[in-house]
Amino acid sequence: LKRGLPVKSVSAREAKYNFGKLIDTARAEPVVIEKHGRAVVVVVAVEEFERLTGRPIPERPEDRQEKKS
């Protein structure tokens, strides 16, 4: 996240009822989720999370099983 740049912001209700759109948007840019007008979480793409934290998202065990088949 770059400081000072505008970030997309949606209410928790909007996020709930438009979850697919939230995912699509968050893959392109961070999305702030607000409750009662206050920012409570930020949804970011996996690649951005990994870049920010320096930690990869581990694969799920069931994903590894599918690759073996």
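1. Thr25 is found in helix α2, where helices (H or I, at least four residues) and strands (E, at least two) are DSSP runs numbered from the N terminus. This is a predicted model, in which local features need pLDDT of at least 70 and side-chain atom pairs count only at pLDDT 80 or more, while totals for chains, interfaces and linings use all residues. Residues are numbered from 1 along each chain as its sequence is written, and side-chain values use heavy atoms, with hydrogens and water left out.

2. Thr25 counts as buried because its relative accessibility is 17%; buried means under 20% relative accessible area, exposed over 50%, and partly exposed in between (1.4 Å probe, protein chains only). Leaving aside residues up to four places away in sequence, Thr25 touches Lys8 and Val31, contact being heavy atoms within 4.5 Å.

3. Helix α2 spans residues 19-28, and its buried residues are Leu22, Thr25 and Ala26. They cover an arc of only 100 degrees around the axis, which puts them on the same side of α2; the arc is that of the directions from the helix axis to the C-beta atoms. An α-helix has 3.6 residues a turn, so residues three or four places apart point the same way. The buried residues of α2 pack against β1 (8-11), α1 (12-17), β2 (31-35) and β3 (38-43).

4. On the other side of α2, the exposed residues are Lys21, Asp24, Arg27 and Ala28. Arg27 counts as exposed because its relative accessibility is 64%. From C-alpha to C-alpha, Arg27 and Glu48 lie 8.7 Å apart in space, with a separation of 21 residues in sequence.

5. A search of the whole structure finds one cavity of 30 Å³ or more, and about 90 Å³ of space lies in the largest cavity. Here a cavity is a set of points, on a 1 Å grid over the protein atoms alone, where a 1.4 Å probe fits but cannot get out, and lining residues have an atom within 4 Å of a point. Grid points are joined across faces, edges and corners, and a volume is the space filled by probe spheres set on the points.

6. The largest cavity is lined by Lys8, Val10, Glu14, Ala15, Asn18, Lys21, Leu22, Thr25 and Val31. Two or more residues of this lining come from each of β1, α1 and α2, and α2 gives the largest share, three residues. By class, the lining divides into four nonpolar, two polar and three charged residues, with Ala, Val, Leu, Ile, Met, Phe, Trp, Tyr, Cys and Pro counted as nonpolar, Asp, Glu, Lys and Arg as charged, and the others, Gly among them, as polar.

Conventions
On a 1 Å grid over the protein atoms alone, a cavity is a set of points where a 1.4 Å probe fits but cannot get out, and a pocket is an open set with protein on both sides within 12 Å along at least five of seven lines; lining residues have an atom within 4 Å of a point.
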